[in-house]
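Student: Hi! Could you walk me through this one while I have it open?
Tutor: Happy to, let's take it piece by piece.
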Amino acid sequence: MTAELMNGKQLAASKQAEMKERVAKLASDGIVPGLAVILVGDNQASQTYVRSKQRSCEKAGIHSVLKQLSAETTEAELLSHIHELNQDPTIDGILVQLPLPKQISEQAVIEAISPEKDVDGFHPISIGKMMTGEKTFLPCTPHGIIELLRASNVEISGKHAVVVGRSNIVGKPVGQLLLNEHATVTYCHSRTPDLRAITKQADILVVAVGIAKLIKKEDVKPGAVVIDVGMNRDENGKLCGDVDFDDVESVASHLTPVPGGVGPMTITMLLENTIESALNRS
Ligand SMILES: Nc1nc2c(c(=O)[nH]1)N[C@@H](CN(C=O)c1ccc(C(=O)N[C@@H](CCC(=O)O)C(=O)O)cc1)CN2
């Protein structure tokens with residue numbers, strides 16, 4: 001068996017082309033969606049992701065503003081930028097790029113963003129609504145994963161989904177979204193005894209732990225759908241996921257590549273949330 005590639009780059013491009021048309025229609029009604037991105041410090045990877053977000057906004061016709069702050073920024077300074085953006089009528093979405101320098105509480109920052117502009121879907125109100133299945137902004141990477149599964153016609157209902165990782169950004173919410181789609185969900189993490197015995201039971205396996213090539217073919221049930229959220233460098237400095245792609249390709253039925261899988265979908269769902277937020281303008 002050779003796994004079918006779940007091409008996030010291609011799906012993202014087609015969704016972004018549709019969004020460009022939606023944005024053009026909105027603009028003709030006098031509404032230009034606006035996204036503010038705040039980047040604190042000089043983390044290289046964060047700089048790349050933020051640039052990519054800005055480029056995608058520009059291509060789609062979304063107005064984007066970047067606030068670049070030094071690594072020494074205090075929590076109070078950052079909160080004051082957020083309060084200002086909460087009041088700005090040209091801004092529909094506010095995103096603070098994570099991780100933040102250690103003097104700043106991520107939770108305090110997330111909670112300062114108005115839930116109406118929480119296009120990352122990280123605010124406790126957004127998370128609560130996601131849990132109860134109410135309409136809300138969904139976290140971008142988990143939502144992108146669900147969209148990738150849908151586009152590949154993968155049945156979720158009734159399937160055993162195993163999530164490896166329990167971060168607030170990916171692991172916890174993707175498990176919740178899979179549960180909302182009627183999967184039976186098992187979470188695994190660093191203290192799970194015999195992790196591999198559990199991953200082997202998964203019909204849908206989502207791996208988001210940040211350990212290069214952790215998952216090998218022995219850890220995967222033949223025919224499973226494998227979603228790789230990892231973004232690591234291998235021994236040669238080449239970008240790779242948490243799944244050993246070349247190994248697992250021969251057992252999985254569907255597999256996301258890194259790069260070109262989940263990553264581009266993250267940015268696409270961010271644009272979608274920003275457009276939705278602009279539509280909610282009163
Ligand atoms: N405020 C947020 N911070 C972070 C989030 C988030 O959703 N909101 N997620 C991640 C980083 N991230 C977006 O911010 C992100 C990661 C990866 C990609 C991506 O497209 N990756 C490419 C490869 C890029 C490369 O060459 O290095 C791919 O997978 O093809 C986009 C966005 C943490 N922080």
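Tutor: A word on terms before we start: two strands pair if DSSP finds at least two bridges between them. Also keep in mind that this is a predicted model.

Student: Got it. What order do the strands of the 3-strand open sheet have?
Tutor: The order is 3-2-4, and the pairing is parallel. Strand 3 (63–69) and strand 4 (93–96) are at the edges with a single partner strand each, so one side of each has no neighbour in the sheet. From one strand to the next, the twist averages 15°.

Student: How many bridges join strand 2 to strand 3?
Tutor: There are 7 bridges between strand 2 (residues 34–40) and strand 3, and the two run parallel. If you want one to look at, isoleucine 38 has lysine 67 in strand 3 as its bridge partner.

Student: Nice. Which strands does helix 3 lie across?
Tutor: Helix 3 (residues 75–87) lies across strand 2, strand 3 and strand 4. Relative to strand 2, helix 3 runs at about 180°.

Student: Switching to helix packing: at what angle do helix 6 and helix 7 cross?
Tutor: Roughly 40°, with the axes of helix 6 (residues 140–151) and helix 7 (residues 171–180) coming within 8 Å. Angles between the roughly parallel and roughly perpendicular ranges, 35 to 65 degrees, count as oblique, and that makes helix 6 oblique to helix 7. The crossing is right-handed.

Student: Which residues make that contact?
Tutor: Helix 6 brings Pro142, His143, Ile145 and Ile146, while helix 7 brings Pro173, Val174 and Leu177. By type, the contact of helix 6 with helix 7 has 6 nonpolar residues, 1 polar and no charged.

Student: Last one: what does UniProt annotate for residues 6–120?
Tutor: The unreviewed UniProt entry gives "domain: Tetrahydrofolate dehydrogenase/cyclohydrolase catalytic" for residues 6–120. In the model, that span is 50% helix and 16% strand, and its end C-alpha atoms lie 23 Å apart.

Methods
Residues are numbered from 1 along each chain as its sequence is written. This is a predicted model: local features need pLDDT of at least 70, side-chain atom pairs count only at pLDDT 80 or more; totals for chains, interfaces and linings use all residues. Helices (H or I, at least four residues) and strands (E, at least two) are DSSP runs, numbered from the N terminus. Axes are lines fitted to C-alpha atoms, for helices over the stretch in contact, and angles run from 0 to 180 degrees between N-to-C directions. Two residues are in contact if their C-beta atoms, placed from the backbone, lie within 7 Å. Angles under 35 degrees count as roughly parallel, over 145 as roughly antiparallel, 65 to 115 as roughly perpendicular and the rest as oblique. A crossing is left-handed if the near helix is turned anticlockwise from the far one by less than a right angle, and right-handed if clockwise. Ala, Val, Leu, Ile, Met, Phe, Trp, Tyr, Cys and Pro count as nonpolar, Asp, Glu, Lys and Arg as charged, and the others, Gly among them, as polar. UniProt positions are given in the numbering used here, feature names are shortened, and annotations may be inferred rather than shown by experiment.
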